[in-house]
Every structure is written in structure tokens, then in C-alpha cells.
Amino acid sequence: MGLEREEDLSSVAWIAEEWEGWEERRRSSAERGGGGGARDICWDLEAPRWGSWAKLLLSVSQTRTRSNKQSARAMLRLQSHLLRAAASPLHRFHLSTAAAAASTTPAQFVVEDYLVASCGLAPAKALRASKYLSHLKSPANADAVRAFLADAGIAKADIASAIACFPRLLCSSVDKTLTPRLAQLLDMGLSPPQISRLYAFAPSLSPARISRLAFYLSLLGSYDKQCGLTCDDIADLYARGRTGNLLTSSLEHVKGMVACIERLGVSCDSGMFKAALVTVCNQRPERITAKLELLERALGCSEARMAVCKLPTILNLSELTLGYRVEFMRTEFGLEPSYIAHRPAILMYSLQRRLIPRHFVIHVLKSKGLVKRDIDLFHVFCITHNKFVDKYLDRR
């Protein structure tokens with residue numbers, strides 16, 4: 001677009017004259033007491049329209065006006081008006097408002113960074129947990145959940161463990177979900193430290209399962225070690241799924257499992273009661289009976305009972321594996337039934353990967369007189385790989 005005719009150049013002078021008339025009317029309005037109101041705003045809103053026209057004519061006719069003195073004077077007047085318009089209060093207001101808006105724009109909420117900085121999760125755990133919280137756009141609800149748990153006495157480390165275990169905990173409603181469940185746990189007689197540990201292991205407990213947990217505790221004993229189980233033990237068994245559907249089992253089924261444990265010779269006050277509970281809970285009673293009878297045939301009744309009482313988890317082995325290992329140790333290693341019964345952990349090690357290779361090394365060293373002939377094989381079998389290599393293979 002350009003000004004091709006000489007008469008078009010007069011348009012610049014016309015706009016300059018019109019601008020001066022507009023400014024004169026504005027000053028007159030201010031002198032009559034109309035300043036500071038809606039009229040001033042209208043004048044200021046009209047200024048950009050005049051300015052845009054003048055600026056357009058200024059840019060397209062700049063080269064044409066150099067030879068026209070009258071138009072040149074008009075252009076100087078337009079330039080002066082444009083500079084004053086740029087310095088008007090309304091113009092400065094728009095600029096300052098835009099700058100303030102740009103400086104106060106909130107940073108984008110990043111879930112992974114929030115989990116690390118505010119919740120105390122390790123970066124690797126935060127990355128995994130953030131996949132379940134990708135819909136969060138604000139930390140408001142998550143902050144409310146964390147504040148509620150902290151006020152309830154949940155330790156900071158346990159809150160972090162709970163979030164890592166169940167990230168959607170941060171999406172829970174404080175009023176509708178967390179408050180009623182906390183009340184249920186308190187009504188069971190649990191103290192804040194016990195609830196804290198429970199949350200660390202099982203943060204997604206539903207009201208129904210909390211009721212089952214109350215029944216479980218009343219059956220197996222209080223936290224005074226009546227049955228050898230603490231709050232941590234029960235929460236750990238439940239959270240890790242090691243007791244199957246124990247919390248949803250019937251009263252008769254749970255009593256049957258406890259009776260089975262007692263028949264194995266493990267009392268409720270034994271330190272092995274927890275291990276025995278895991279073993280019995282995950283197997284049918286007839287399988288437990290069959291394995292116990294196998295051990296009695298291989299080791300003798302009293303030795304088999306002793307082995308099971310010392311380490312109930314040997315009953316997690318299959319009947320084939322259990323029978324083969326006992327027989328191999330007796331015939332190839334020359335171990336007596338009483339030796340195996342007092343050290344049942346030896347049955348948990350792999351023959352091919354651990355016991356046979358180490359026994360062969362000791363046999364060679366005995367034949368060369370490098371170790372004592374009455375060396376304790378249980379110690380040889382139980383030490384770590386690095387210690388075994390340092391002690392028996394890297395001999396100087």
C-alpha cells in the first residue's frame with residue numbers, strides 16, 4: 001500500500017490537524033471538571049485508533065514527504081503526537097499490567113518434582129509413583145493429605161513410604177476417606193506410632209479390611225507379644241500379601257490354621273510363630289501333614305519336630321526337593337539326622353549351586369591337609385560367597 005497521488009500526501013496534514021483538534025477537545029473537557037472519569041477513559045481508548053492511522057501514514061509516506069515542506073511539517077507534528085500517546089497513563093497502565101501478568105504467571109506443577117521435594121521420595125520412586133498421578137494439576141489436595149497425616153502423628157518417613165507404596169493416597173479425600181479410617185484405627189486401640197507403621201506398610205486399607213484387622217489382632221493377641229506378633233508384623237504380612245486372604249478368611253479357617261501351627265510344635269509365644277503362620281496360610285493342611293511325615297521318615301519323629309520348630313519355612317519346599325536334599329546330605333555328606341535337625345537352614349540352600357561345589361572344595365583341602373578334618377560344614381555352607389573364596393580358595 002502507498003500514496004501514489006500528490007493529493008494523498010495532504011492526508012497526513014489532515015490527520016495531524018484532526019489530532020490537534022482531538023487533543024484540544026480533551027483539554028477543554030478536563031478544564032470543565034470532567035477529568036478522572038469515564039470521559040477520560042474514552043479519550044484514552046480513542047487515542048490508539050488515531051495513533052494507528054497516523055503511524056500507518058507515517059510509515060508508507062516517509063519517502064514521499066521529504067520533498068513536500070507542508071507535509072513534512074505535518075509529519076513532524078504527527079511524530080510529536082505519537083510520542084505523547086506512547087507516554088499516556090493508559091498506555092503505561094497496559095504495559096505495566098502485561099509485565100505484572102508475565103511475572104506472576106504460576107509455574108507449571110510437575111508431579112515428579114513435587115514427590116521428591118515435598119514428599120521425600122527418592123527420584124526413582126518418584127518417577128514410578130508419578131505415573132499414577134499424571135492427572136494432578138495442583139498440589140492443593142496432596143498438601144491437605146500430607147498435613148492431615150502429619151497432624152495424626154504419622155511420621156514423615158512413614159508418609160513417604162505410604163506414598164511410594166500407594167501414590168493415589170495423595171488423591172484421597174481428607175473428610176470422606178482419611179478421617180473415618182483414622183477413627184476406625186483409633187477405636188481399635190492403636191496408638192499413633194502403631195498407626196504410623198501400619199500406614200507405611202498398608203496405606204490402602206479399606207474399612208472392611210480394617211474391621212478384619214481388628215478381628216485378626218483380637219484373635220492372635222495384643223501388641224504385648226501375646227502371640228509373638230507386633231503391629232509391624234501384622235501390617236507387613238498383610239501388605240506384602242504373604243498371608244494370602246487371611247484378613248478375609250472366616251473365623252473357623254483362621255482358628256484351624258492356628259491349631260495346625262500348634263500341632264507342628266510352634267507355640268504362639270515362639271519367635272517362629274510369624275514364619276509358621278506364613279507357611280500354613282499358603283498351603284493346604286494335607287500338604288503340610290505330608291511333608292511333616294516325610295521328614296519323620298527321613299530324620300525320625302523327634303528330629304523332624306525339632307527341625308520344623310526351629311525353621312517352619314522348610315515346609316515351603318516341595319516334597320520332592322525336601323526328601324532329595326535330606327537323603328543326599330545323609331548319604332553323600334555323611335551328616336547325621338540330629339545334625340540336620342539342629343541346623344535346618346542347611347536344607348534351604350541349593351545342592352547344585354552351593355552345597356555340592358563347596359563340599360567338593362573342602363573335600364580336596366582335607367585330602368591335602370589344608371583344613372581340619374572335623375571342620376564344621378554348616379559354617380562352610382552358610383558364609384557368603386566372597387568370604388568362602390577368601391578363606392578357602394585364595395589361600396596364600
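The model is predicted: local features need pLDDT of at least 70, side-chain atom pairs count only at pLDDT 80 or more, and totals for chains, interfaces and linings use all residues. Residues are numbered from 1 along each chain as its sequence is written, and side-chain values use heavy atoms, leaving out hydrogens and water.

**Helices α19 and α21**

- The axes (lines fitted to C-alpha atoms over the stretch in contact, with angles from 0 to 180 degrees between N-to-C directions) of α19 (residues 351–367) and α21 (residues 385–393) come within 11 Å and cross at roughly 15°.
- Helices here are DSSP runs of H or I with at least four residues, numbered from the N terminus.
- The two helices α19 and α21 are therefore roughly parallel (angles under 35 degrees).
- Contact (heavy atoms within 4.5 Å) involves Arg358, Val361, Ile362 and Leu365 of α19, and His385, Phe388, Tyr392 and Leu393 of α21.

**Salt bridges**

- The whole structure has 4 salt bridges (a side-chain nitrogen of Lys or Arg within 4 Å of a carboxyl oxygen of Asp or Glu).
- One of them joins aspartate 143 and arginine 146, with the closest N and O atoms 3.1 Å apart.
- Aspartate 143 and arginine 146 are 3 residues apart in helix α7 (residues 140–151), so about one helical turn separates them.
- Another salt bridge links arginine 287 and glutamate 319 at 3.7 Å, N to O.
- Arginine 287 lies in α15 (residues 285–299) and glutamate 319 in α17 (residues 319–331), so the pair ties together parts 32 residues apart in sequence.

Key: Parallel < 35°, antiparallel > 145°, perpendicular 65-115°, else oblique.
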